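Trainee: Hi! Could you walk me through this protein? I'm new to reading structures.

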Amino acid sequence: MELTIQDLAARRGGRAVFSGLSAHVAAGQALVVTGPNGAGKSTLLRVVAGFLPPERGKIVLSGVAGGDVARTPGALQEHLAYTGHLDAVKPALAVAENLALWAGLHGAGPERVAAALDHFGLRPLAGRQAGECSAGQKRRLGLARLMVTDRPVWLMDEPTASLDTAAAAQVSALVRGHCEKGGIAVIATHLDLGLDNAVPLAMTGTEGAGGHAPAAEDDPFLAGAW
């Protein structure tokens, strides 16, 4: 399996965020996306995930029917796992119950839940309501979901936010293990995660420079196509 991004461009609210982005990452590799705030890192991940349509370009996941994420996002999202700035945990459920819920949705057994709890040091918190956890604990719980989804491509937006040094090292170990099993990771980050075989993609914030806001009739969103 390979993920190819070719001449990708995206707009948000009529503004050009980036254009002309290309990258290629093979099974067992991580695409590490860096750049200043506002450079478009989060937008790139959301486009790859199929949450936002690209203005132009291709995102192709080889070995999957449908191929082009931009054209058939629904058909390919079952191969992707996305973690964003929000941790997507249910505050009324206990830590272990959150993971068990996700495991059930993806057909994973209790051993996956146990492994996730252990990897992120969450076992002492297993019975605590997620809403009572600290920001770092919620972040670790959100990331632990990756271990029970069994998706080959991980899209991770600032995964080390709110984490201390030890927890950040757990994230690095998690990604390394995923790649060693033939998985792919696309990570937007400000930190060096110390990953082997990482493919760098630096976004400077000037990729969309010169773009102009189109007239409403030229922009699908502004024209009401939402």
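Mentor: A residue is called buried when its relative accessible area is under 20%. Also keep in mind that this is a predicted model.

Trainee: Okay! Is Cys 133 buried or exposed, then?
Mentor: Cys 133 counts as buried, because its relative accessibility is 8%.

Trainee: And Cys 179, buried or exposed?
Mentor: Cys 179 is buried too, because its relative accessible area is 11%.

Trainee: How many disulfides are there?
Mentor: The count is 0 disulfides. A disulfide is a covalent bond between the sulfur atoms of two cysteines.

Trainee: Zooming out, what is the secondary structure of the protein?
Mentor: There are 7 helices and 8 strands. The protein has 226 residues, and 46% of them count as buried.

Trainee: What about its surface?
Mentor: The accessible surface is about 10,600 Å², and carbon and sulfur atoms account for 53% of that.

Trainee: Which residues have the most contacts inside the largest nonpolar core?
Mentor: Those are Phe 120, Leu 122, Met 156, Val 175 and Ile 187, in a core of 35 residues. Among the elements that give two or more residues to this core are β3 (30-34), β6 (153-157), α7 (165-180) and β7 (184-188). The largest share, 5 residues, comes from α7.

Trainee: Let's pick Val 175. What is it in contact with?
Mentor: Beyond its neighbours within four places in sequence, Val 175 contacts Ala 30, Trp 154, Met 156, Ala 185, Ile 187 and Leu 195. Apart from this core lies another one of 28 residues, including Val 48, Ala 49, Ile 59 and Val 153.

Trainee: New topic: where is Arg 139?
Mentor: Arg 139 sits in helix α5. Arg 139 counts as buried, because its relative accessibility is 6%.

Trainee: So what does Arg 139 touch?
Mentor: Leaving out residues up to four places away in sequence, Arg 139 touches Gly 84, His 85, Asp 87, Asp 157, Glu 158, Pro 159, Ala 161 and Leu 163. Across the protein, 69% of the contacts with a separation of 6 or more join residues 24 or more positions apart.

Trainee: Last one: what is the mean pLDDT of the protein?
Mentor: The mean pLDDT is 86, and 86% of the residues reach 70 or more.

Trainee: And where does pLDDT stay under 50?
Mentor: That happens over residues 210-217, for which the model has 12 contacts beyond four places in sequence. Where pLDDT is low, the predicted coordinates should not be read in detail.

How values were computed. Residues numbered from 1 in each chain as written. Predicted model: local features only at pLDDT ≥ 70, side-chain atom pairs only at ≥ 80, totals over all residues. Heavy atoms only, no water. Disulfide = S-S within 2.5 Å. Buried < 20%, exposed > 50% of the residue type's maximum accessible area, 1.4 Å probe, protein only. Helix = DSSP H or I, 4+ residues; strand = E, 2+ residues; numbered from the N terminus. Contact = heavy atoms within 4.5 Å. Areas by Shrake-Rupley, 256 points an atom, 1.4 Å probe, with all protein chains shown as cover. Core = buried A, V, L, I, M, F, W, Y, C linked by side-chain atoms within 4.5 Å. pLDDT = per-residue confidence, 0-100.
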